[in-house]
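The comments begin with the backbone and then turn to the fold and the surface.

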Amino acid sequence: MIAEFGLAALWLAAALAALQLLAGVLGLTARGAELGQIVRPLAVVQGVLTLLSFLALMVLFWQTDLSVKLVAMNSHSAKPLLYKLAGTWGNHEGSMLLWVMVMGLAGSFVALVERRLPEPTMLATLAGQAFVSLGFYAFLLFSSNPFERLNPAAPEGQGLNPLLQDPGLAFHPPTLYIGYVGLSVAFSFAIGALVTREVGPAFARAMRPWVLGSWIFLTLGIVAGSYWAYYELGWGGWWFWDPVENASLMPWLAATALLHSVSVLAARNALRAWTVMLGVVAFSMSMVGTFLVRSGILTSVHAFAVDPERGSFILALLLINIGGALALFGLRAGTVTEGERFALTSREGALVFNNVLLSATLGIVLLGTLYPLLAEALGAQVSVGPPYFNPMSAVFVVPMLVVMGIGPLLRWRRDSLARVRWSVIVPLALMLLTGAAFALKGVAVLPVLGMALAAGLVVASLLPLRGRKLRQVKLPLWGMVVAHFGVAVALFGMACDSAYTTEKLVALREGETVAVGPWQIDLVAIEPVAGPNWTALQATLSARYDGGSAVKLQPQARSFWTPPQQTSESALETRWNGQLYAVLGERAEDGRWQLRLWWKPFVTLIWYGGVLIALGGLLALLGRVASDLRRFIARDKIAYRKSRQGR
Amino acid sequence: MSEFVKPKHQRLVLVLIAVVALIGAGLLAAWALRSQASYFYLPADIAADPPAPDRAVRLGGMVEGGSIKTAADGVTIQFVVGDGKARVPVSFKGIAPDLFQEGSGVVAEGKLGADGTFIADNLLAKHDEKYVPREMKDMTEAQARAAVAETQ
């Protein structure tokens, strides 16, 4: 019953989306103006229906209803409740339903609260949103129905991939999806603005919270995903340039560029066509990401849903949406009048530089990610990894970070580098000294660059606060400072990790000792342990930092039985200055146990920095929303007074 | 107003900057991809046309029965990867994946040493019942079937 209810809600939502598209388009014509009035209510109801449909699927997973194929394939009655619920989106169909739900809810939210834009632009925006949604409804209903029944019902479910049975990962996909789908709203705003040629500060202010919000979620999603890969895969790395990681990085790069250009448009009414273009590109990257992940077309540790038919469906959606948007852009870009002018040495100029370099980085990542596909079409099998991505992205990221230090100090419209030369001298000197110091110690080129830039940026990111009363600094400025500071912190963590990580791979008997960096580690015992749906061998390690008191680490090699799979659970000991990381391997023939140990100085700063970046975004978002609200209330008061005077 | 770019030129200048940067990025990427992409080799390919010694490549094939030997340090293993036509000795220091075993398929990432031994930095085996490394699928059908059958 519940499954049929969920499916019916989904069909109804799709029908409403079709109606919303039709009414939105007709509403733009002179004769259909009245039809336009139903567009906002349609968007709201559609959002509610997608929510109901998603809740229905969640209930099915909660009850472990094995007469539903998706549940039988991906869940198991003996699974902990959290993972039963997380199983709702831990699979292809469920995650696409999540996507559609977030999109529906975002559409309702826009329809409910956005009142700043001219009504035709809103109609075009909501019609655009309906158009994009329709593609995904079709995808769900025709090729990935989550509510399909299984007859007869399965006696027991097949379980969830054990790698995914992890609290961090339960919330990683929803976080990323909110980010991906939030960008669809930015995309729709861009379409709406292009259709009605209303590209200006009002459009930028309407779009900005969505871009900021998506960007915050994408940032958090990437940070969480990176930490998950770090401790769950047991490889000691935190970024593998895996296609699926790139799939989340590319929309983030585009959204970061968009975030900065939309600020220029809102504050200075410049970079109009460019901002619209980025709005299109950012959501396109979300779709490319979804395509890469959901089609399983690339070799990847994440590629558990390999299905060419679905891949072609998403590819078709991708081509229709991006192709359509680009065609519209090509037709209309010429008629978007040029914005305010500025000198190249100005805040705008620095932001243009930032945008161009971010886009170039995006291009580098995109080409590297897609190259294996191109090569395969030509008959060669290749994979592309860190030897390509690290140096190539550094070529663009390094100058971008330099500009990030200087740009915020420049004035809008026109400025000179001579004016800020005394401000930047401290960070510059710090940067050069740090770089020289580490280079002399024989650290490799990229980590030296990283440390030097991080040292310079830690100071430079705080300079915009200089000479201001801290209490009067507005939230968006705090947001920028915190986010840029976070970049410096994360960069320092990355550079330290790659320069100073020590790794030991040893085979030990119980009672033997090994040294890793400043740590002395004893293998105390190896014992079998059992969990709710796994058994494991667990090593007990006793570790001393620099002769201090002992701490206990217990890495495990786990065997799950539904589905049958082995995973290794690493053990981490976190200190303020780094992490000790232990993985248990196999038992050698002579009875010794393999242990892989890392000491990673300051590695945690990578994720703390990432969280700071997201926090900066949150501060900026709160500041913007608060001032929008104030303006809204003030306008309401004026309108109220006027109506009283009129009486 | 001389510091401003001329009105009708501003947009042109911005477009030019963007285009030059993006084309530059594209060319740089194309150049780097040609030299840095890691190609997939079967043992027969290595015998016919070995890759340059410093070039990262991937080697795929079957682990020969009885060929896995653990060195005295307990963490370095040596084994032979074959495809029925040629055999390549492989050395790997690390924790092998759980489903890595004799007679089953494997993809080794690393470099071919000067002495003809393949030095692997990473081994990929079929890691659950649903996922097979892509390259394993593209081996000859019979091999792939054997690989899958062996690891199930």
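1. P152(A) sits in the loop of chain A between α6 (119–143) and α7 (167–196), where helices (H or I, at least four residues) and strands (E, at least two) are DSSP runs numbered from the N terminus. The peptide bond that joins N151(A) to P152(A) is cis, with omega at about 0°.

2. This is a predicted model, in which local features need pLDDT of at least 70 and side-chain atom pairs count only at pLDDT 80 or more, while totals for chains, interfaces and linings use all residues. Residues are numbered from 1 along each chain as its sequence is written, chains are lettered from A and ligands numbered from 1 in the order in which they are written, and side-chain values use heavy atoms, with hydrogens and water left out.

3. L271(A), in the loop between α9 (243–268) and α10 (272–295) of chain A, has a positive phi near 60° although the residue is not a glycine. L271(A) counts as buried because its relative accessibility is 9%, the classes being buried under 20% relative accessible area, exposed over 50% and partly exposed in between (1.4 Å probe, protein chains only).

4. A positive phi of about 60° also belongs to F602(A), again not a glycine, and this residue is placed in the loop between β11 (593–601) and α17 of chain A. With a relative accessible area of 24%, F602(A) is partly exposed.

5. Chain A contains 17 helices and 11 strands. Its radius of gyration, taken over C-alpha atoms, is 27 Å, close to the 26 Å that the globule rule (2.2 Å times the number of residues to the power 0.38) gives for 647 residues, so chain A is as compact as a globular protein of that length. The C-alpha trace spans about 90 × 75 × 55 Å along its principal axes, and buried residues account for 58% of the 647 residues.

6. F5(A), V48(A), L51(A), L52(A), L55(A) and L105(A) make a nonpolar surface patch of about 460 Å²; patches consist of residues with over 30% relative accessible area and no salt bridge, like charges being joined within 9 Å and nonpolar side chains (Val, Leu, Ile, Met, Phe, Trp, Tyr) within 5 Å. Helix α2 (residues 39–63) contributes the largest share, 4 residues, whereas F5(A) is found in helix α1 (residues 2–27) and is partly exposed at 44%.

7. On the surface, K474(A), R630(A), R631(A) and R635(A) gather in a patch of positive charge. R635(A) lies in helix α17 (residues 605–646) and, at 45% relative accessibility, is partly exposed.

How values were computed:
Accessible areas come from the Shrake-Rupley method with a 1.4 Å probe; for residues, only the protein chains shown count as cover. A salt bridge is a side-chain nitrogen of Lys or Arg within 4 Å of a carboxyl oxygen of Asp or Glu. Lys and Arg count as positive and Asp and Glu as negative; His and the chain ends are not counted. The place of a charge is taken as NZ of Lys, CZ of Arg, CG of Asp or CD of Glu.
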